[in-house]
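Please read them with the coordinates open.

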Amino acid sequence: MRKAEAATVLADFTSTNNKANKNFDPKLMATIETGPLGASDVAGLQAKHANNPAGNASYVPIQLTDPSFLIPRQRGWPKWFIADAVSNKTKNGRWLLVFQRNSSAEPWKASHLGVYGDSTQLAFARDGQGYVEPVSSSGSGLLVRPGDLSTAYTDYLQKGSAGSAVFAAGPATSQLRTWRTANSRTATLATQYADQPAKAGEYPPIALRTKDGGALVFFASHHTAKDTSLRAGVVPPTNADTRALMTGTAKTSVTYLRLAEQAATVPPKTATGGKVVVLSRVVGLISAKGE
């Protein structure tokens, strides 16, 4: 993999992604996306297509500019690389897009998306020729192994520091737990949350070594929220896209299954007081069940 090939992959992705989003075409999106990113986007387009089969005439195309590429040396398959680019969809921010393929006969597909601000400084370990260093799921010298991060994160969301004490405070950690507590009950509705790690082999994490000996890790997790009516005759509210993905009939409750993809920096074990910082969390509705 060379930078010129990576640039072509990113350009082709951008063009096809815009066509798929403009036309609400999940089948076209599936040709360029896979993993947690593909699962979320395809489900979203299925819902939008069901409600708007003519597509989105007012769609604003994605523009990815000022790209740089993080390319590891890799033998065998699968292979991956990361495109880091300015996105017009994120104010003062950049997108990290992970591209993967399983063989030379398959196309490159985007599998993970991370979003971060221009003020965030990410420095990666590189060899003499500029290649970045991949980190395996079993990790090496990290506070949390990449393969254990999904479990640690969902344990934290369920139990706080009693589940996992390695996460730094932030929007995707402490603030999310606080928001859930504050919004778990209204006069007419109660919400229960459950968080599950990605299953073994389902969405393998992608990790690369940072200059400080830690790693930037992309990982996925599952999140369920069940809204239950507290008053007879009151149906939990849903929108059109949710109803397009829903089985059953919402009479007294609706259960939402969402898939989240996170990008996090994991410090080395030797870092005094080091914490895992979740830089980005992108969530998509995969399905819903009415009862």
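1. Buried means under 20% relative accessible area, exposed over 50%, and partly exposed in between, with a 1.4 Å probe and protein chains only. Helices (H or I, at least four residues) and strands (E, at least two) are DSSP runs numbered from the N terminus. By these terms the buried residues of α4 are Leu149, Ser150, Ala152, Tyr153, Thr154, Tyr156 and Leu157.

2. On provenance: this is a predicted model, in which local features need pLDDT of at least 70 and side-chain atom pairs count only at pLDDT 80 or more, while totals for chains, interfaces and linings use all residues. Residues are numbered from 1 along each chain as its sequence is written, and side-chain values use heavy atoms, with hydrogens and water left out.

3. The cover over the buried residues of α4 includes α5, β6 (189–197), β8, β10 (253–266) and β11 (277–290), where contact means heavy atoms within 4.5 Å. After α4 comes Gly160, with a positive phi near 70°.

4. Rings of Phe, Tyr and Trp (its six-membered ring) pair if their centres lie within 6.5 Å; planes under 30 degrees apart count as stacked, over 60 as edge-to-face and the rest as tilted. There are seven aromatic pairs in the structure. One of them joins Tyr153 and Phe167, edge-to-face, at 5.6 Å centre to centre and 65° between the planes. Tyr153 belongs to helix α4 (residues 149–159) and Phe167 to the loop between α4 and α5 (174–183), so this pair ties together parts 14 residues apart in sequence. Tyr153 and Phe167 are both buried.

5. Tyr153 also pairs with Phe219: the ring centres are 5.8 Å apart and the planes lie at 75°, so this pair is edge-to-face. Phe219 is in strand β8 (residues 215–229) and Tyr153 in helix α4, so the parts tied together are 66 residues apart in sequence. Phe219, like Tyr153, is buried.

6. A separate point on rings: Phe13, Phe69, Phe81, Phe99 and Trp108 make up one aromatic cluster. A charge sits over a ring if NZ of Lys or CZ of Arg is within 6 Å of the ring centre and within 35 degrees of the ring normal. Lys79 places its charged end over the ring of Trp77, 4.9 Å from the centre, and Arg177 lies over the face of Tyr156 at 5.9 Å from the ring centre.

7. Strands pair if DSSP finds at least two bridges between them. The order β1-β2-β3-β4 describes an open sheet of four strands with antiparallel pairing. At its edges are β1 (64–70) and β4 (109–117), each with a single partner strand, so one side of each has no neighbour in the sheet. From one strand to the next the twist averages 25°. Strands β2 (residues 79–87) and β3 (residues 93–101) run antiparallel and are joined by eight bridges; Lys79 stands opposite Arg101 in β3.

8. Which strands does α1 lie across? They are β1, β2, β3 and β4, and α1 runs at about 140° to β1. Helix α3 lies across β3 and β4, at about 90° to β4. Axes here are lines fitted to C-alpha atoms, for helices over the stretch in contact, and angles run from 0 to 180 degrees between N-to-C directions.

9. Arg209 is in strand β7 (residues 206–209). Its relative accessibility is 10%, so Arg209 counts as buried.
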